[in-house]
Amino acid sequence: MTETPADLPRYDDAFAQFRIEDEMARLHGNPTTSINAYVECCGRYTGENRLALRAISASGELREFSFDDLADMSGRAANVLKAAGVGAGDVVAGMLPRIPELVALILGTWRIGAVYQPLFTAFGPKAIEHRLGYSGAKIVVTNPTNRGKLDEVETPAQIATILGPGEALPQGDIDFRAALAAASPDCQPVMRKGDDLFMMMSTSGTTGLPKGVPVPLRALMAFGAYMREAIGLLPDDVFWNIADPGWAYGLYYAITGPLQLGIATTFYEGAFNAKSTYDIIERLGVTSLAGSPTAYRLLMAEGPQAAARVKGRLRVVSSAGEPLNPEVIRWFDANLAAPIHDHYGQTENGMMVNNHHGLAHVVRAGSAGFAMPGYRMVVLDEAGNELGPNQPGILAVDIAKSPLRWFDGYHQAQTPAIAGGYYRTGDTVEYEQDGSVSFIGRADDVITSAGYRIGPFDVESALIEHPAVNEAAVVGVPDPQRTEIVKAFVVLAPAYKGNPELAEELAQHVKKRLSAHAYPREVEFVTELPKTPSGKIQRFLLRKAEVEKRKTG
Ligand SMILES: CC(C)(COP(=O)(O)OP(=O)(O)OC[C@H]1O[C@@H](n2cnc3c(N)ncnc32)[C@H](O)[C@@H]1OP(=O)(O)O)[C@@H](O)C(=O)NCCC(=O)NCCSC(=O)CC(=O)O
């Protein structure tokens with residue numbers, strides 16, 4: 001790839017020079033004594049007339065907000081939350097599209113020392129109820145598009161709705177926009193400690209429903225380090241991370257990370273499509289773009305002509321959520337003159353292995369890159385022994401030697417992934433001789449589709465709610481566009497007959513009940529599912545057969 005400029009440090013140097021004290025010094029507060037995420041991401045940059053947010057509405061209207069504007073809006077949001085009885089340590093859930101009020105809500109939540117829980121706007125009632133259930137959120141802030149789903153959710157949480165012109169307020173709700181206008185913008189930040197939480201995320205595994213991922217304030221050090229070390233964000237960059245803030249990559253690195261560095265971020269409220277993405281890159285002069293390979297493959301599919309008008313504009317492009325194929329790297333190089341680098345992370349611990357833009361000379365196409373300074377990443381065999389180069393095993397974090405790692409376990413759930421001094425990511429990889437990591441696949445049944453992590457059990461439990469379904473097994477099958485798609489194998493109840501209409505009905509059922517992104521794009525009706533003698537469904541056999549079938553065409 002790129003030639004080695006003589007003055008760039010060797011990657012090993014960056015790793016050796018890492019000192020947690022330097023990361024602490026970059027914060028405004030101190031994680032051991034007193035810290036507040038609002039102060040880190042906004043309060044410290046007020047009074048400088050500094051740009052914080054460019055927000056483009058679905059109809060294309062651009063509005064700009066300074067850190068002072070966000071201080072004012074978040075102060076109001078904080079006072080509205082306080083009036084609703086929210087205090088330090090309480091959970092505030094947000095189910096909102098990318099609108100300026102979303103940032104006001106998140107910063108306002110942090111300002112009073114509360115914990116922000118994102119609810120992806122594609123979620124259906126089943127996914128929402130589960131998450132509000134384990135978080136115990138005191139209030140949910142949403143908009144009319146999503147409000148109806150909450151009628152089907154059992155929750156004691158108060159609901160606040162952001163109304164558009166002429167929209168009616170559901171009975172019992174707080175009119176959030178009117179309350180913001182009436183509230184005072186003044187609010188003294190509530191200081192916390194580094195181990196206190198400021199986010200409650202969720203993530204899927206192989207078994208059981210999604211689990212809560214508590215994020216302590218000391219994770220801010222890791223988020224800032226990723227923006228600096230891997231994305232290589234510079235003060236003059238026009239930064240746009242297109243990932244949805246309903247998930248980790250969007251919340252950590254489209255909102256928290258750039259604001260923490262005092263650098264403006266970008267919101268586009270409309271649904272993703274290649275044309276509007278090129279339009280916005282051109283209109284705003286975006287120099288640093290982040291997103292998932294599926295989004296980049298969709299930009300590629302639009303063809304070289306569409307790309308030509310922004311060729312040379314992008315200084316760097318960062319990719320996360322799924323492995324990046326070398327073909328995309330070559331296409332971006334040829335048609336956008338932009339280096340696109342693969343980065344690897346998880347909701348637990350954030351980004352950990354990256355092709356760091358600032359260290360372009362060590363980038364390897366087809367590899368996930370090198371451990372972030374501040375992390376010691378290892379490859380383990382099943383017994384927990386560290387493996388050498390070219391030996392496949394589980395990618396893991398060496399806890400004692402990774403001062404930036406912050407994940408201490410799932411919320412009110414066991415965390416077998418943390419054992420023997422390591423956190424096991426669940427991804428199978430191997431090291432190359434130079435220490436870069438090559439991704440092989442998941443060691444479990446978790447599905448990666450269009451950058452989303454989807455738990456098969458979650459989809460199966462939505463399917464078996466349908467009266468036609470007796471049993472279901474859900475697997476990820478390879479797909480050239482979305483890495484994997486969700487496929488369901490369904491054993492029907494005796495009164496039902498498998499046909500395309502029923503397959504579509506089941507897909508729609510999952511879409512509506514669970515989430516619009518997690519539905520099975522393929523449904524196959526079968527008479528039985530492969531099982532172990534003890535009755536456990538063997539998803540891996542179904543997946544293996546699908547992989548073989550697709551290979552042989
Ligand atoms: C690449 C994409 C832009 C492609 O967008 P698409 O529009 O094609 O499709 P999609 O995958 O978003 O959505 C699948 C289906 O859900 C629907 N859909 C999506 N969002 C919706 C919403 N908010 N409300 C209602 N429906 C919605 C779409 O219309 C589509 O329906 P239909 O199929 O009927 O057309 C997107 O998939 C994307 O942003 N992916 C990246 C995800 C991401 O941010 N990953 C990194 C974070 S993961 C992470 O942080 C860790 C973790 O997950 O744990």
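Colleague: How do the residues of the shell around the ligand divide into nonpolar, polar and charged?

Modeller: Keep in mind that this is a predicted model. There are 23 residues around the ligand, and Thr121, Thr347, Arg482, Lys511 and Tyr519 come nearest. Sorted by type, the shell has 12 nonpolar, 7 polar and 4 charged residues.

Colleague: Okay, and which element gives the largest share of that shell?

Modeller: Start with the elements that give two or more residues: helix H10 (248-260), helix H12 (293-301) and strand S23 (452-454). The largest share is 3 residues, and they come from H12.

Colleague: How far is an oxygen atom of the ligand from a polar backbone atom of Tyr249?

Modeller: For Arg453, a backbone N or O atom sits 3.4 Å from a ligand oxygen. With Ala248, a polar backbone atom is 3.3 Å from an oxygen of the ligand. For Tyr249, the distance is 3.0 Å.

Colleague: Where does the ligand lie relative to the domains?

Modeller: Look at who supplies the shell: both domain 1 (63-217) and domain 2 (447-552) give residues to it. That's why we can say the ligand lies between domain 1 and domain 2.

Colleague: Switching to helix H4, how far apart are its end C-alpha atoms?

Modeller: H4 covers residues 67-83, so that's 17 residues. At 1.5 Å a residue, the helix should span 24 Å. The model agrees, because the end C-alpha atoms are 24 Å apart.

Definitions and conventions:
Residues numbered from 1 in each chain as written. Predicted model: local features only at pLDDT ≥ 70, side-chain atom pairs only at ≥ 80, totals over all residues. Heavy atoms only, no water. Near = heavy atom within 4 Å. Polar contact = N/O pair within 3.5 Å; in protein donor to acceptor, adjacent residues only side chain to side chain. Helix = DSSP H or I, 4+ residues; strand = E, 2+ residues; numbered from the N terminus. Nonpolar A, V, L, I, M, F, W, Y, C, P; charged D, E, K, R; others polar. Domains from an automatic or database assignment. Expected span 1.5 Å × (residues − 1).
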